[in-house]
Amino acid sequence: HFRLEPRFEFGLWRNLEAEVTVPFNYGSAVDDKGIGDVEVAALYNFNQETLLFPALAISGAAIFPTSDEGEGVDTRAKFIATKAIGRSALFHRLHLNVVWNHNAEALEDERDDYYSAIIGYDRAITADAFLVLDLVREQQKDQDQTYNLLEAGIRYQCNPLTVFTFGVGTGIGDDSPDFRAVVGFQRSLTF
């Protein structure tokens, strides 16, 4: 299964951004090839991190079906927290993401609501590169599937406007995928 997921993010005003994601699905393990469900989302950052409190943000999304089989507009809410650890040139940070998904028109073998939790850690390797480690527990839309993944990756900033990412993960438990790889490219545009 290969998924190409272009995402367009727009800064609306300080601490608020909107995004549109239009995924494309390919491969023999995919039932619904081609364009996937289109997601429209907004993210609001409540505060800057302080000595005692982490940076906190929330995100909300509406996912619109694009196939004949898709029904209803699904929704997603995400809570995000990030906190630096100590004072070091390596910029150690901890992250927590908790996600709630609502399946508006659940089929008989699907969950109405399903959740994900990600605990992550990152640190600088060089001035331009970060090591990222995380542990993921995510319920799938199908009722009998829950994934547990251990992932590691690199985030490399080529210049102030361009970032590359690469990560690999391995499943923990029988229901989890054996392997997952993620490759990302981000290019910021200024107007």
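Buried here means under 20% relative accessible area, exposed over 50%, and partly exposed in between (1.4 Å probe, protein chains only). This is a predicted model, where local features need pLDDT of at least 70 and side-chain atom pairs count only at pLDDT 80 or more, while totals for chains, interfaces and linings use all residues. Residues are numbered from 1 along each chain as its sequence is written, and side-chain values use heavy atoms, with hydrogens and water left out.

**View A. Y44 meets F46, edge-to-face.** The structure has three aromatic pairs (ring centres of Phe, Tyr or Trp, the latter by its six-membered ring, within 6.5 Å; planes under 30 degrees apart are stacked, over 60 edge-to-face, the rest tilted). In this one, the centres sit 5.2 Å apart and the planes are at 85°, so it is edge-to-face. F46 is partly exposed because its relative accessibility is 48%, and Y44 gets that label too, at 33%.

**View B. F164 and F185 form a tilted pair.** Here the ring centres are 5.1 Å apart with planes at 45°, so the pair counts as tilted. It ties together distant parts of the chain, 21 residues apart: F164 belongs to strand β13 (residues 162–171) and F185 to strand β14 (residues 179–187). Strands are DSSP runs of E, at least two residues, numbered from the N terminus. F164 is partly exposed at 39%, whereas F185 reaches 55% and so is exposed.

**View C. L135 belongs to a nonpolar surface patch.** The patch covers about 860 Å², and its members include Y44, F46, I58 and L135. L135 lies in strand β11 (residues 129–139) and, with 43% relative accessibility, is partly exposed.

Methods. Patches are made of residues with over 30% relative accessible area and no salt bridge: like charges are joined within 9 Å, nonpolar side chains (Val, Leu, Ile, Met, Phe, Trp, Tyr) within 5 Å. Accessible areas come from the Shrake-Rupley method with a 1.4 Å probe; for residues, only the protein chains shown count as cover. A salt bridge is a side-chain nitrogen of Lys or Arg within 4 Å of a carboxyl oxygen of Asp or Glu. Helices (H or I, at least four residues) and strands (E, at least two) are DSSP runs, numbered from the N terminus.
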